[in-house]
Amino acid sequence: MKINVTTWNVNGIRARIENVLEWIDNNNPDVLCLQEIKCLEEDFPNELFTSKGYNVYLLGQKSFNGVAIISKFVSQDTKKNIPGNTSDIQSRMIECTFNINSKSIKVCCIYLPNGNPINTEKFTYKIEWMDKLKNYIEKELLKEIPYIALGDFNVIPTRDDAKNYEEWVDDALFNKLSIRKYRELINIGLYDCHILKQIPLKQYTQWDYQRGAWQNNNGVRIDHILLSSYATKYLSDYQIDKNERSKDKPSDHVPVTATLTID
DNA sequence: ATGTCTAGTGAGACTAGA
């Protein structure tokens, strides 16, 4: 069977609900991972998704951050925040275990800290969070279950993932240490769908609201779908829905979808 | 020229975060 797994930083679910519902109707995702829902769990409009046949798994936070997994499958096991990272008061990760076609698959929805400005505790928090994420997923991969880590990683992996990388050299998204930590995460055994599918260079997933970034195609690729080795054999398609950025009241990020064929 | 947006506070000519 084919399933679509999507990541989308919506920049506020309440501000984006019409766009998200319309996108669901047009794209029929099986698993939709949202970042920056920017609300408490009790303020999330669950019924608008459950009425379409979805299950809703949430880790909310007032005003900022917050992640959700909207899924046609029932989660067998749900983890909120990086296990063991008990001091983290920010809501940035939720992981579900699904049983799809008699196969167990884990989906981890990530909203990695932005980290700006560098030389502040925000950047330190980002780097430490990346270490904790790597340590957690590294242990999960040992279980040899297909694992999907996707979300807004707030990391521009290479010069070709920004229109003008020179503009980003002093930014936490393209900082050398951020990129090194991202590579350390990849190197535990994760594969970027964007690279697996050999997508052309200079394709972006986020365009700032400011300075006409969208009109000038001044974007960055910071939303990633990473697959464990066991999950790569399922990958059949991958797509960035750039068109969503041109709609009314868009998020600054667009949906990114991997299609998996699980037989 | 931070060429904008979201959410929160509390009523702003606001702030924080991105």
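DNA strand B is surrounded by 17 residues, the closest of which are Gly12, Ala15, Ser63, Tyr209 and Gly212; a residue is near a molecule or strand if its C-beta atom, placed from the backbone, lies within 6 Å of it. The residues of this surface comprise five nonpolar, six polar and six charged. Here Ala, Val, Leu, Ile, Met, Phe, Trp, Tyr, Cys and Pro count as nonpolar, Asp, Glu, Lys and Arg as charged, and the others, Gly among them, as polar.

The model is predicted: local features need pLDDT of at least 70 and side-chain atom pairs count only at pLDDT 80 or more, whereas totals for chains, interfaces and linings use all residues. Residues are numbered from 1 along each chain as its sequence is written, while chains are lettered from A and ligands numbered from 1 in the order in which they are written.

Helices (H or I, at least four residues) and strands (E, at least two) are DSSP runs, numbered from the N terminus. Strands of a sheet pair through backbone hydrogen bonds, either parallel or antiparallel; in this account two strands pair if DSSP finds at least two bridges between them. One open sheet consists of six strands in the order β5-β6-β7-β8-β12-β9, with mixed pairing. Its edge strands, β5 (75-80) and β9 (190-192), each pair on one side only. Neighbouring strands are turned against each other by 20° on average, direction ignored; axes are lines fitted to C-alpha atoms, for helices over the stretch in contact, and angles run from 0 to 180 degrees between N-to-C directions. Strand β5 runs antiparallel to β6 (residues 93-100), and five bridges join the two. Within β6, Cys96 stands opposite Thr78. Helix α3 (residues 121-141) packs on this sheet, where it touches β7 (103-111), β8 (147-152) and β12 (223-228), and its direction makes about 155° with that of β8. Contact requires that the C-beta atoms of two residues, placed from the backbone, lie within 7 Å.

Although Leu190 and Ser228 are 38 residues apart along the chain, their C-alpha atoms are separated by 4.7 Å.

A second open sheet also has six strands, in the order β3-β4-β2-β1-β14-β13, and its pairing is mixed. β3 (55-59) and β13 (235-240) each have a single partner strand, so one side of each is left without a neighbour in the sheet. The twist averages 15° from one strand to the next. Five bridges link β13 in the antiparallel sense to β14 (residues 256-261), where Ala258 is the bridge partner of Tyr238.

In soluble globular proteins, nonpolar side chains tend to be buried together.

Between β7 and α3 lies Pro117, joined to Asn116 by a cis peptide bond with omega about -10°. Glu36, in the loop between β2 (31-35) and α2 (46-50), has a positive phi near 55°.
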